[in-house]
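Colleague: I have the coordinates open and would like to go through them with you. Could we settle the terms as we go?

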Amino acid sequence: MARSSMDISVVSMYTREDDDGGFSNAAAGKQNLRDLFGSPLDLSGNRSLQYKAPKGPNQTSTAQPAVSQKPSETTVVTVSARVSLFRYDTQTAKFSRVGELGAIGAVVIATLATKQFQLLLYHSQEHHICKVQITSDFNFTVQPNQYVSFKDETNQAWSLHFDTQANLEQFAIHVAIAKFYHTSEKLIVLDVVIPKEGKGLNNGAILGLKYTGWLVKEGTLGPKVDSNRAESKKFFRFTLGEGQLIKGWDMGLVGVRKGGKRILVVPPVLGYGISGAPPLIPPNSVLIFEV
């Protein structure tokens, strides 16, 4: 994205429709666990929930009685998905499936005032499988065929399988946002498509790419600010590392392979700074790109 004369597209929200089952399938936005679990929860407000994540894997948690919440305790769901879950067994050195295929819920939950994000896996409201704090060092590794691997706080390895690449990418976008909130000034880079062959590109390489960019608002995706993904639009071409773009792109695209896809969360200092790019990018905006 160049530093000036931008071709801005129509503002919209990047969301996906929910499935009809008990879990939402990669639906972005402010949700609560009542919507996800499909059973009543005693809530004090539309966006707050009386929910406390389990202290460790394989523990359960139930809804708490409704009480007044301080703003710092308000928790929201930023993204959710139905996944198939596999747990690594160190004795057999293999992954084994947990539950039925597509029967596990995965959510990212956020306490925005304290900038705390967690990834939670669950069977139901009463049966939570594991949780892990999402920090800037959290490794959410996308693998071929719509798998993702990570380790929880006990060093247990897990693998998630998403039903579509689009749902995987939507979930990964929100994990990247969560990682950013833990640092606030650090560029976050997360690969979601990694070609098996080819070398990573370095400064001086000429790139042609398709991209979409959004504002980051309250821990989730805000309005879309620019995109050239429509078939009628040409690839955006530039020379990497020559200052033709915002610094976040020059830094974040080093190492990408031809045919790859990468998520970048760009802090203001590496984006449009205190000036912004009116009318759609306000001053001091955090931006996220899928390129």
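Modeller: Let us begin with contact, which here means heavy atoms within 4.5 Å. The model is predicted: local features need pLDDT of at least 70, side-chain atom pairs count only at pLDDT 80 or more, and totals for chains, interfaces and linings use all residues. Residues are numbered from 1 along each chain as its sequence is written, and side-chain values use heavy atoms, with hydrogens and water left out.

Colleague: Which residues is phenylalanine 150 in contact with, leaving aside neighbours within four places in sequence?

Modeller: Phenylalanine 150 is in contact with Leu119, Leu121, Cys130, Val132, Phe138, Asn139, Gln156, Ala157, Trp158 and Leu160.

Colleague: And which residues touch the most other members in the largest nonpolar core?

Modeller: A nonpolar core is a set of buried Ala, Val, Leu, Ile, Met, Phe, Trp, Tyr and Cys residues joined through side-chain atoms within 4.5 Å. Buried means under 20% relative accessible area (1.4 Å probe, protein chains only). The largest core has 45 residues, and Leu119, Leu121, Phe140, Phe150, Phe171 and Ile288 touch the most other members. Helix α2 contributes the largest share of this core, 10 residues. Another core, of 23 residues, lies apart from it and includes Leu215, Leu264, Tyr272 and Leu287.

Colleague: How many helices and strands are there in the protein chain?

Modeller: The protein chain has 3 helices and 15 strands. These are DSSP runs numbered from the N terminus, with helices (H or I) of at least four residues and strands (E) of at least two. Of its 291 residues, 49% count as buried.

Colleague: Where does helix α2 lie?

Modeller: Helix α2, residues 165–181, lies across β9, β11, β12, β14 and β15, and runs at about 170° to β9. For such angles, axes are lines fitted to C-alpha atoms, for helices over the stretch in contact, and the values run from 0 to 180 degrees between N-to-C directions.

Colleague: In what order do the 5 strands of the open sheet come?

Modeller: The order is β9-β14-β15-β11-β12, with antiparallel pairing; two strands pair if DSSP finds at least two bridges between them. β9 and β12 stand at the edges with a single partner strand each, so one side of each is left without a neighbour in the sheet. Neighbouring strands are turned by 20° against each other on average, direction ignored. Between β9 and β14 there are 5 bridges, and aspartate 191 stands opposite arginine 262 in β14.

Colleague: Is serine 227 buried or exposed?

Modeller: Serine 227, in strand β12, counts as buried because its relative accessibility is 11%. Its side chain makes a polar contact with the side chain of threonine 212 at 3.0 Å, and also reaches the backbone oxygen of tyrosine 211 at 3.2 Å. A polar contact is a pair of N or O atoms within 3.5 Å; within protein, one must be able to donate a hydrogen and the other to accept it, and residues adjacent in sequence count only if both atoms are side-chain atoms.

Colleague: Now to β3. Why is it largely enclosed by the rest of the structure?

Modeller: Strand β3 is largely enclosed because 8 of its 8 residues are buried. In a regular strand the side chains alternate between the two faces of the sheet. In β3, Ile104, Ala106, Val108 and Ala110 are buried on one side, and Gly105, Val107, Ile109 and Thr111 on the other.

Colleague: How many bridges join β3 and β4?

Modeller: There are 7, in the antiparallel sense, and threonine 111 has glutamine 116 in β4 as its bridge partner.

Terms used
Buried means under 20% relative accessible area, exposed over 50%, partly exposed in between (1.4 Å probe, protein chains only).
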